Amino acid sequence: MAALEITASELARRLGGVLEGDPARRVSDVDTLEQAGPQTVSWVAGPEVLPRLANSRAGIVLVPLDCAVPAGLTVIRVPDPALSICEVLRWLGPAPEQVPPGVHPTAVVAPDAAVEGACIGPLVTVGPRSVIGPGTQLHAGTRIGADVRIGRDCVLWPNVVVRERVRIGDRVIIHPNATIGADGFGYLFRDGRHVKIPQVGTVVIEDDVEIGANTCVDRARSGVTRIGRGTKIDNLVQIGHNVTIGEDCVVVAQCGISGSTSLGHHVVLAGQVGIIDHLRIGDGVQVAAKSGVARDIPDGAVFRGIPATDNREYVRQQVCVRRLPKMVEQLRELVRRVERLESAANHNRTGS
Amino acid sequence: MAALEITASELARRLGGVLEGDPARRVSDVDTLEQAGPQTVSWVAGPEVLPRLANSRAGIVLVPLDCAVPAGLTVIRVPDPALSICEVLRWLGPAPEQVPPGVHPTAVVAPDAAVEGACIGPLVTVGPRSVIGPGTQLHAGTRIGADVRIGRDCVLWPNVVVRERVRIGDRVIIHPNATIGADGFGYLFRDGRHVKIPQVGTVVIEDDVEIGANTCVDRARSGVTRIGRGTKIDNLVQIGHNVTIGEDCVVVAQCGISGSTSLGHHVVLAGQVGIIDHLRIGDGVQVAAKSGVARDIPDGAVFRGIPATDNREYVRQQVCVRRLPKMVEQLRELVRRVERLESAANHNRTGS
Amino acid sequence: MAALEITASELARRLGGVLEGDPARRVSDVDTLEQAGPQTVSWVAGPEVLPRLANSRAGIVLVPLDCAVPAGLTVIRVPDPALSICEVLRWLGPAPEQVPPGVHPTAVVAPDAAVEGACIGPLVTVGPRSVIGPGTQLHAGTRIGADVRIGRDCVLWPNVVVRERVRIGDRVIIHPNATIGADGFGYLFRDGRHVKIPQVGTVVIEDDVEIGANTCVDRARSGVTRIGRGTKIDNLVQIGHNVTIGEDCVVVAQCGISGSTSLGHHVVLAGQVGIIDHLRIGDGVQVAAKSGVARDIPDGAVFRGIPATDNREYVRQQVCVRRLPKMVEQLRELVRRVERLESAANHNRTGS
């Protein structure tokens, strides 16, 4: 699909790598060793993949600095092939669709919004007094409310909704149909009815955050719901009002984090995890898929289960649960043996 | 952020409360006791918060009628401070963004739709014969199908989709990217393939309902899927076809309710609960987070677990599961003791 | 609601069925036996429903070929009443809303897109070089990126987002707010930060697939994420990058399938199931609601639980878990009996 071609020597130069083989070899796409053809750049992430190198038809392979390679291959030695191939993908791969700079004539941008240098696609709306930074792309149908600030070089994919007063940093990516800044879910129960608590806070999304498709980040009741720098959130995730997520966290698809809970830095939540409200999840915590967290978790802990507990404890319990049918059998057998002993003892006593 | 200011005497008058302290004191925002400054109104919801009152810098505090307060504070006594602060938030907090009355020139409203008095935002679509009540706001990009009826004073946030023939009452709030009236999920399995069952029913959403962002309420196969008056539904919830939800229920984020199940009134489902199809969940039932409900639940019961069971039963089982590793140990020890008894008995018998 | 009427003789003719009763009887709607009135067609799916036939007020009832029916009823005998009633629903039921052929003047269609014969609704966007097949309906606010191909007779409901280069077959239905082709969730962890891996692959959706509201199908890192012919996916489902789903599968609401996992043909995932990455789920597998799958599943197996295991094994374990409180009791009792035996043995030894 890509029309670009690049030579091995040019690729080595751009990557700062060491070329071995044919400097004139041309490649135009990127794929795995198995899928690669003579026009393909591939890569060896680690020594475990080396055996597959011999059978690959790849035109060029990025390899670690010190690994042995079969003769005849054109390779480029780099310190971190997995990282370098990402750069190659950005050069050769089909680029993501771009919104051209300027304001599309069908967009509805408030006269007092500031959008200089931004890329505003068709049928986008930008509310009063909002500021969209230079290089930021708003794809078709994106809705930006009033008094929003979005930094530079962000990408908001189609039909994203950002409600009023939300603050978004630089280089943030938000995928289609995500909702940022909807009301938190808060009510007072009075006389058998639920009275809505006004949700007057907002959301702050720091630099380099990525937010998945159809994910929801609720605005705070008051104050802010905060997503820390570099944190990556997958699709269909629910972030409740007044949640604080630290830096460089990973939240996998369909997780839910309830109101006022805080996550430290470098936390990893696997898919479909739920966390109740007002908890404190420490730095570096990892929670296994499908877990339900109902208490604070200290720094560095690995938790699992419903309710989630320390992973070692969980494993011990699970081993026992699997053994349960056998235990029931053992217990029954033991009852029989004790009965036999008792009847013998009884017999002895009465018989003697 | 708010430009409004209000004096203590004016605030007391509006709330119908009793002022103690400086009637001229001016405030312009609302926050918790901890975050409050001299321009802030705060509140004491109950006696447990009273100790934090002494250290607060709040300009004015709403307190219960009969509590003792430190000298020097300006307080307003009201019967229900948590409820009163909601009113103050509506006066002083930054108001939610409003769609102005009338039809935005970029909206596409069918000529035979009735939208008098409604507030139709930019790039909204309203289908043939639909009726939008006075005071109802349709934010940017909202899609209303044909023959829809929406009552008065509703708010539909950006990019909400309401499909044809859906009925929505008064004062309903629907958050961004929610989908109301998509086809129910129903097929006949014939000759190894799934044949779609036409979903010709609709959805009825009664007065004062709130529906969260990216939530889906499917239309009925025939008849209606109904959300009862005053029920509040959080984000990313799935409501299947022909479900009936009673009045004043609370359904927390990421719950799923399968086809034809009915919930009574005042039911509370915590986050990520799933309920299978064709069940009857009674009035006042509470289901704990992450539970999977696979049978009817009687009025007033509290259920938990997968499959969900009565909470007391669940707790008993969980205590045992946690004790399992110890039980395995006990059982092993008991086997040894019985073996010893048996060998002694054996020895006695053969030895004597 | 439907204005159409049809006579019993015409209905029998169209269905290829055998009429018994009044050929001139007219009906105009479809409903269950219980809800039916004299203007209603109803149906008897199987013998278990026959007793309810006597009390039904239905004007016409579709019945199996060989069942006995009460005298006086007008019935049409067909081989598969449940299937035939679907056809009747398509004739008599209120039809789903249609987008008229042609391009609505407010749609933004790239000049080099090919949309001949397609039905493009208001405020839709279609990107450069995309091809929309004849008879395909794009409802209001749908976003089609660049280089997309969509076949014929598809229906994309409002605000669906399809990103660049996605391929969609014929007769595919995609419900509102679904997201097709957003970036997969992939990062390299380097120096404490997450580096985005470019997601240069795409999505292929084969013929006759149906995709639910607010569901996400991520594009592949490279290569394709594939949804096989005839597969039906419910609302709020997450399909990760490079997932392959076979033909005629059913994926119920709120399931999540992680990256690179493959499903065979005729797989059924009940609601809220999660499957981790890189697994192989065989043909005909069924997974119970709320299960968490963490290992490959062979063809035809029925799995359940977290982690999911063979259903028979799961049931055995669950029976034991429910019996646990009793087991604890039994164990305690047994300890007492062994103690008694030991003390007796001890007494015998020391006493004699």
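**Close-up views of a predicted model**

**View 1. Where chain A meets chain C.** Welcome to the contact between these two chains, to which chain A brings 66 residues and chain C brings 66 residues; contact here means heavy atoms within 4.5 Å. This is a predicted model, in which local features need pLDDT of at least 70, side-chain atom pairs count only at pLDDT 80 or more, and totals for chains, interfaces and linings use all residues. Residues are numbered from 1 along each chain as its sequence is written, chains are lettered from A and ligands numbered from 1 in the order in which they are written, and side-chain values use heavy atoms, with hydrogens and water left out.

**View 2. The area hidden between chains A and C.** The size of an interface is often given as the accessible area lost when the parts come together. Here chain A and chain C bury about 5,100 Å² between them, with 64% of it on carbon and sulfur atoms; buried area is the accessible area (1.4 Å probe) that two parts lose on being put together, summed over both. On the chain A side, A:Glu97, A:Lys290 and A:Leu331 lose the most area to chain C, together 11% of what that side buries.

View 3. Three salt bridges are counted between chain A and chain C, where a salt bridge is a side-chain nitrogen of Lys or Arg within 4 Å of a carboxyl oxygen of Asp or Glu. In a salt bridge, the side chains of A:Asp80 and C:Arg190 meet at 2.4 Å, N to O. Chain A and chain C also have 25 residue pairs in polar contact, both at pLDDT 80 or more. A polar contact is a pair of N or O atoms within 3.5 Å; within protein, one must be able to donate a hydrogen and the other to accept it, and residues adjacent in sequence count only if both atoms are side-chain atoms.

**View 4. Around B:Ser291.** Look for B:Ser291 in the loop between β36 (286-287) and β37 (292-293) of chain B; strands are DSSP runs (E, at least two residues), numbered from the N terminus. B:Ser291 is buried, with a relative accessible area of 0%, where buried means under 20% (1.4 Å probe, protein chains only). The side chain of B:Ser291 reaches the backbone oxygen of B:Ala288 at 2.8 Å, and a polar atom of that side chain lies 3.1 Å from the backbone nitrogen of B:Gly305. Not counting residues up to four places away in sequence, B:Ser291 touches residues including B:Gln272, B:Phe303 and C:Lys290.

Note on methods. Helices (H or I, at least four residues) and strands (E, at least two) are DSSP runs, numbered from the N terminus. Buried means under 20% relative accessible area, exposed over 50%, partly exposed in between (1.4 Å probe, protein chains only).
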